[in-house]
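Okay everyone, thanks for coming. Let me put the structure up on the screen and then talk you through a few parts of it.

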Amino acid sequence: MSKQQLAASEQLDVVGRKPFPLVRALVFVGLVLLGITFVLPFVWQVLISVSSLTDVDLLTQLGYPPDLKPENYGEVFEKVEFARYFFNSIFIAGWATLLQVITCAMAAYAFARLSWPGRDKVFFLYLGTLMVPGVVLMVPNFVIVLRLGMFNDYLGLIIPAAFSAYGTFLLRQFMLTVPSSLDEAAAIDGASHWRIFTQIMLPMARPGLIVLAIFAFLFNYNSFFWPLILIKDDNLRTLPIGLMAFDSTYGRDTPLIMAGSLMAMIPPIIVFLVLQKYLVKGIQLGAVKG
Amino acid sequence: MRWIILGMLAFWGALTAFAYLVVAPDTSAREDLVRAYADVADRGGVTNIPGIEQLPQIIGVEPGELLATFDTMNGTDRAAAVERFSSSIGPGVLESIPTLVWSTDDNPARDAQCHLFRVWHLETYGEPIDIVTDPSNRDITKTVVQCVAGAGPDLIESYGPEQLQQLVAAGVAKDVTEAANARNFGVDRVFPTAVPSMAIDRSGQVRQYAFPCNIGYTVLFYHRDLFQEAGLPEPTGPWSVAEMLEAARVLSQNPDSPGRRRVGIMNLGAWDMALAAGASFFNEDGTASLYNSPEAIEAFRAFQDMMYVERVMPTPAEAASMAASGGANMNMGAEAASASALFASKVTAMYVGGRWEYVATASRNRERALVPAARRRIAEIARGTEEGDAERFPGEAEVLQAAIESMGNDNSDLLRPMPRNQIEALRAILTDADRDRLIDIGVTHIPTMTGTPWYAANARVAMVNRASPRAEYGERFLEFLASAAYNEQINETFDSICGVVEYCIDEDGISGPPDPLPGLEAFDSQIFVDAALLYANPDQVSPFIGRARQGVLAGEVMEWLQSRLVSPAEAAKMVEDRLNKQISANLEGDDQLRATWESIVGVEFRPGVNLREQVEAAQARVGGAS
Amino acid sequence: MKVGSVRRRTLIALAFLLPNLLGFLIFTAGPIVFSLYMSLTDWSLTKHNQFSDQPLQFVGFDNYAKILWGSESEFFWDYFENTLFLMIGIPISIAGSLVLAIMLSTKCTPTRLGSRLKSALIAGGVTVLACLGAWLVTTPTMDPAFADEAARAVMSDETGLTDLSGFQVATLRSHAAILAVAVLGGLITFGLGIGQVFFRTVFYLPTLLAGVAMFLLWKTLYRPKGGLVNAVLQPVLDTLDATVGAVPPFMWYALGVVIWLITLALCVKLVLVGLDRLKHNEAGIAAFCARLGIVATLGATGWFVGYWSAQLPERALLPTGLAPITAAQLDSVSTDLQALASGDASLIAGAIEELKAIAPVPVEQTVESLVKPATVAGVELASLSQAVESNAGASFDGYTAGEGLQAPEWLISATWAKTALIVMGVWLGIGGGNMLLYLAGLSNIPPELYEAASIDGASGWQQFIHVTWPQLAPTTFFIVIMSTIGGLQGGFEQVMIMTQGKADTRVLAYYQYELAFTDQFQLGLASAVGWVMTGFIFVLTAVNFRLGSQLTND
């Protein structure tokens, strides 16, 4: 694709042409209005996070905290091992995301592009497991992880999260939309499956991979019940569990919870911002078509 | 591309190494052990423990200041001291000390209690032990899942008779009856109301499975100054709901801004009101619910009227609006704990709460009145020009400065013993304006329909996991729970009151030193002991219905009652019918359960027939026969 | 691709599949098979664990019978209904995600760096000026020393909680106003300067915070008085009340019914037209499914609006917070009520006058309906006396409901709690993963298709129907399946944190949890509930799949 073409395609939107100024203005106003409904609760959260505990009640009446307490943010680090929880969460979610994207992409390739006996049956089995609610699986899962010696260990949080029927399903759907003429041509040229997978399939399905990476990271980063049950040591705790120390039987320190969870949002926002750049590249790649 | 992948792998590898080598290893455990040694050495009681002799040399001060010095060291020095101590008692010894895991709530006082246990164990048994807490503050799920798979904590916490029975039935709890008899931590030492939470009566033979950590119940707090302003006599003894209402009506008028009202009372529970009036969820052996009684209806009516007719108590909507951040976890509902915040702001004149709310109230008094007053007085003394500026006793300024430091600025600072002379000095300088800003709390009995006090009180207990390889140490922990050191600490830190009766009865009040801060003297009131000793009742349990289900069935009716969707009479009948229906369903579904039921009642269970009628008919026949 | 022998192809496939399959078998399939077996037994933690190993009783389908029509059925179906109710939010959320994704794919901001910076600078400048303006307009100018005394009483009257001076309060409110202007201006500035990426991130924020903190935040937002939601809603309702407050209650019911009828008619019409087109091969099954989705969304929205309006009179009929009435007045009310019941015309007229003096709004309407049929008077009396009773006290400083139309009590009202959860769910889900999937899906549509369509002269809507929607079909298929599954399984944490199961909000996942971990540890029964849910999900997915495979091949 030449530079001119790229510039031209940037001017186009999904409906294929440059929309009328009025439409553009309306869409922009709509985005801003929707943006307000999305941002307002967070502005509120920020206000709570810099209030003192006794002032939280007054916030709606006053609209602004009487005494600003930005030191709440420091207090979160002082009162619990917040930095440690931060590291643990990022570490666990990072590993789980990496492994999950790799295993799921490979499996999705097998389901979407290879033809082998029993493929659809196995795929339905995968799909079927998505339908079973998780609450009762907690006990058998815990027993298995315990027997594998992963109790109270990073491994117990990373390894079970490295495989996902959901991710396989998602990537299979994405790979199905890749034109089959591409890999057929490569196969005729004598490319191996591994080559087709890494050189054609992965780049073509990049938006899908990135979407899965974002999902997987967020899911593992925010996961609550499994780490709660599996982790015993304070040193291994993750953010959602660590933050719950402020919501104890002895009082809920709402400002600290809000301050902590706002800080906890920073890594996902970074991950999202970094990855969405590639998402945009994926948009262009999708337009290249070989 | 290849380099990117290799670089990423290297990065992940480094991160993993960092995680396993730096983040995961627990370094604080050895420090805690050294603190325990230092504390023992400071007291100088036991000297034949290996390693304790070298400690003064390692830390560099004489016994008496070891712990304080160790705590104020910086990180590197402290780590070095730990290292030297570790090598002085032999390589690997400190690391191989057994560690108990105690699944408990996340009260900040647990750290101090763990330290006490380490010290107590060193002094009593002459050998070191370590203990860590594993907070599972949300619910029992974590403990259950872990226990069933065989990875549970060594010490499990439970609350109330029902949870004990379930854990015993599951076989998780170790029978400690013999050990308790031998080492004097049996049922005879605790408040009677705590016994069903720690032991089970098996046809006359009492088997003990646990020992109380503390007793949980609530009393009535009120603003003494509001009573005085309104010209009402302070309630000092037992009183009835009607008497309380008379006061609440007056108190809910706010003379400062007429037309706007104060809340008269908060957190009064309809269930407790009904039970105190003489209603009961089940008959004695739990075979049927007899809830539908005139007493229950009367109590429900009084409860509804307080919200909607007298308007001295907030309706659920009002309570939810008021409940903000004040506190409480999800099990209690935010309303319950935010009441203490509203009470402190004098929005409510009276409220039902526990002794543990001392800290929240004390921190308010500290910030609103005590510290400003002390600062002002110190400035006055320094100025020294006007009349009254002179020190009332030599060194007053220093004492006040020390008092400010003792009060600290954190909640946990309020739980440290504070010398009497500092409290006296503080009390002496308070002006009327200071007293106005002070929360001046009174404590009295919760009013009941009949006027006789009645409390629902259960114990929070610790039990030993039967599968624990350290069960022997676990038993020692229960022994520790019966010790003076632990029980006094509970009382001193206002963690409700301790389980052992003898430590609550003391000429110094419940807690002894530290005394409560000015305005909060009532937290040492005899009312707390009377409530737990004379008027307390454990939870009523039926073996034929689960407590969670009972809570769901009855809780829905309570919601309707509170929103006036059902009348008091309907509510009482609905509670009984729903419980009986569930019991019948349980009996139908479980042959073993039905057999038990039939052997107690003495007649065959008939499905589809009103359970209460069945039981009453059977009783009438037995009564007629005898 | 069918290259090589079957054996070779299978081996290659297995090599690709193996890492995932291994984990899948150990951590997913294994526990599932285990739980399926357990659902056929009386597995309970109190009976079977490492300590007291009573043999497991194989009970066949007893657990299932118990749930579906036995002693537990009442609970199960009740909670099932709640679960389905909460799923109303799903079509709304999916449609919203699609609209958002399309909006985000529309180039509505400047594309060139220069013009982006220019417009952002202008917007930023305007924002700063607006903030300055807000500061000038709202900052209190009174002499603080004077304002102090005058306004303190006002404030403590309003909240009863604090001793802030009036000057301080005005200053704080001025801060809030400036903040509001800054937020709006910031959105516009960043939107112009950064473009879609900015909005995309903003819409995705809720998903980034997901979890316990999010639910705690919404719990504070939903407080009946003092929560942000009602703080925004109440002024709107007050305006509504002021303009249409005189409408008699039956009109509100009628309005509700009319809205329902219109919605119904519209939905039926849409379906019929769609069927007609399908029959005449004017449009494929895909277009028909799109139509069904629109119908579902429309129906749900219409149903809500109708529900709302039908709720209004009940709230308007019970104004609280009027002046307190005295005990003497209360006594006279009961005399008045007796007079009403007597049916004596002169007595009634007097009684009405007296009652009006105490409770002006509700009495007139209630009494009218009350006097006519003497037989129902007894029943109505009760409700009247309640209406009067609720006026019997004044408010707890600012916390009690005021007069007129009231915003819902959200989480504590059995009528509104589920709606509250739905609204939160839509807010949470609309800009989340589904929006991303649609964005990625949109990015994969070859632009040539649009070019071809626009050469053929297709309008924007036609391009959507003929290009965008069919191209998005696999994505939609995936989203619908996953959302349905998520909807049936989900809701556990919301309910646990926000309502603790109160206000009739227990869902199946919460029920399972209660059975397994709080009520006698009946894991066998809980597993059976899980498998019944699985059955429902399976049926729904099979339907989806059938439609979907037609859709993708369309």
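So, a question to get going: is the crossing of α2(B) past α6(B) right-handed or left-handed? Keep in mind while you look that this is a predicted model. The answer is that α2(B) passes α6(B) in a right-handed crossing. To place the two for you, α2 covers residues 28-43 of chain B and α6 covers residues 109-125 of chain B. Their axes come within 9 Å and cross at roughly 55°. That angle makes α2(B) oblique to α6(B).

Who actually makes that contact? On the α2(B) side we have Asp32(B), Leu33(B), Arg35(B), Ala36(B), Tyr37(B), Asp39(B) and Val40(B). Facing them from α6(B) are His115(B), Arg118(B), Val119(B), Leu122(B) and Glu123(B). Sorted by class, the contact of α2(B) with α6(B) has six nonpolar residues, one polar and five charged.

Let me zoom out to the whole of chain B. There are 27 helices in this chain, along with 13 strands. If you box up the C-alpha atoms of chain B along the principal axes, you get roughly 80 × 70 × 70 Å. Of the 626 residues in chain B, 49% are buried. And if you take the contacts in chain B between residues at least 6 apart in sequence, 70% of them join residues at least 24 apart.

Arg311(B) isn't a glycine, yet it has a positive phi of about 55°. You'll find Arg311(B) in the loop between α14 (294-308) and α15 (316-322) of chain B.

Now on to a spot where chain B meets chain C. Have a look at Val144(B), which lies in helix α7 (residues 141-149) of chain B. Which residues does Val144(B) touch, leaving out those up to four places away in sequence? They are Leu45(C), Phe517(C) and Phe521(C). Val144(B) is buried, with 26 other C-beta atoms within 10 Å. Within its own chain, Val144(B) is 28 residues from Val172(B) in sequence, and the C-alpha atoms of the two are 9.2 Å apart in space.

That takes us over to chain C. This chain has 23 helices and zero strands. Of its 554 residues, 43% count as buried. For contacts in chain C with a separation of 6 or more, 72% come from residues 24 or more positions apart.

There's a helix pair to look at here too. Helix α3 (residues 73-86) of chain C and helix α17 (residues 417-430) of chain C have axes that come within 9 Å and cross at roughly 40°. So α3(C) is oblique to α17(C), and the crossing is right-handed. From α3(C), Asn82(C), Phe85(C) and Leu86(C) meet Lys418(C), Leu421(C) and Ile422(C) of α17(C). By class, that contact has four nonpolar residues, one polar and one charged.

Last stop is chain A. We count 16 helices and two strands in chain A. It has 290 residues, and 52% of them count as buried. In chain A, 72% of the contacts between residues at least 6 apart in sequence join residues at least 24 apart.

Over to you for comments.

Methods: Residues are numbered from 1 along each chain as its sequence is written. Chains are lettered from A and ligands numbered from 1 in the order in which they are written. This is a predicted model: local features need pLDDT of at least 70, side-chain atom pairs count only at pLDDT 80 or more; totals for chains, interfaces and linings use all residues. Helices (H or I, at least four residues) and strands (E, at least two) are DSSP runs, numbered from the N terminus. A residue is buried if 20 or more other C-beta atoms lie within 10 Å of its own, exposed if 12 or fewer, and partly exposed in between; C-beta atoms are placed from the backbone. Two residues are in contact if their C-beta atoms, placed from the backbone, lie within 7 Å. Axes are lines fitted to C-alpha atoms, for helices over the stretch in contact, and angles run from 0 to 180 degrees between N-to-C directions. Angles under 35 degrees count as roughly parallel, over 145 as roughly antiparallel, 65 to 115 as roughly perpendicular and the rest as oblique. A crossing is left-handed if the near helix is turned anticlockwise from the far one by less than a right angle, and right-handed if clockwise. Ala, Val, Leu, Ile, Met, Phe, Trp, Tyr, Cys and Pro count as nonpolar, Asp, Glu, Lys and Arg as charged, and the others, Gly among them, as polar.
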